[in-house]
Amino acid sequence: MDANKLIEKTTSFKVNGKQIELTLPPTYRLVDILRDSLSLTGTKVACEVGRCGACSVIMNGKLVNSCLIMAYQMEDAEIFTIESLSEERLHPIQEAFLQAGALQCGYCTPGMIIALKSLLDEEEQPSKEDVLTALSGNLCRCTGYEGILRAVDLLTKKRHETIGEGKE
Ligand code: FES
Ligand code: FES
């Protein structure tokens, strides 16, 4: 008999505003729950050990690596994935990525956008150092980060203009 089955537990949490209840082994990982149980495949899995940031999501207002979060840690949690950013139209971060040519591969981009969302939720006009620190857990070994820094410049400039015009 599968030992995990003996200790499955019902866990309730919210993902992208939707209440979810699943019966799972307590050591089932959040990244697998998102991708396999909820078909939210925008969150990627690469290193599986908390080093690359591909699996980044926002949980209870904080940026986390979903490959390191287990079902037993998720009771009553509120989670936002990359899918939450574009339910109706592209999020301004995604628009800035498009305009600045910052889109990289499908593995690293969602995690980077989520890391920036988490930063911009806390800091409206981040400095370059803030951006670099926020992205320090998101690895890309291919193209570098110049496009991403251009996108953040564009985004913060736009925010500044909007605030200056009193539109927010
Ligand atoms: S897959 Fe989670 S940090 Fe790399
Ligand atoms: S890992 Fe995505 S472009 Fe390098």
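**Ground rules.** I kept in mind that the model is predicted, that local features need pLDDT of at least 70 and side-chain atom pairs pLDDT 80 or more, while totals for chains, interfaces and linings use all residues. Residues are numbered from 1 along each chain as its sequence is written, chains are lettered from A and ligands numbered from 1 in the order in which they are written, and side-chain values use heavy atoms, with hydrogens and water left out. Helices (H or I, at least four residues) and strands (E, at least two) are DSSP runs, numbered from the N terminus.

**The sheet.** I traced an open sheet of 5 strands with mixed pairing, in the order E2-E1-E5-E3-E4, where two strands pair if DSSP finds at least two bridges between them. E2 and E4 are the edge strands, each pairing on one side only, and the twist averages 40° from one strand to the next. I then looked at E1 (residues 9-15), which runs antiparallel to E2 and is joined to it by 7 bridges; Phe13 stands opposite Ile20 in E2. H2 packs on the sheet, touching E1, E2, E3 and E5 (78-80), and its direction makes about 105° with that of E2; for such angles, axes are lines fitted to C-alpha atoms, for helices over the stretch in contact, and the values run from 0 to 180 degrees between N-to-C directions.

**The cores.** I took a nonpolar core as a set of buried Ala, Val, Leu, Ile, Met, Phe, Trp, Tyr and Cys residues joined through side-chain atoms within 4.5 Å, with buried meaning under 20% relative accessible area, exposed over 50% and partly exposed in between (1.4 Å probe, protein chains only). The largest has 25 residues, and Ile93, Phe97 and Ile148 are among those with the most contacts inside it. H4 (109-122) is one of the elements that give two or more residues to this core, and H4 gives the most, with 7 residues. Apart from this core lies another, of 16 residues, including Ile20 and Val64.

**Loop residues.** I found Pro26 in the loop between E2 and H2, where Pro26 counts as buried at 18% relative accessibility. Leaving out residues up to four places away in sequence, Pro26 touches Ile7, Met70, Ala71 and Tyr72, contact meaning heavy atoms within 4.5 Å. Ser39, in the loop between H2 (30-37) and E3 (56-59), has a positive phi of about 55° although it is not a glycine, and is exposed at 56% relative accessible area.
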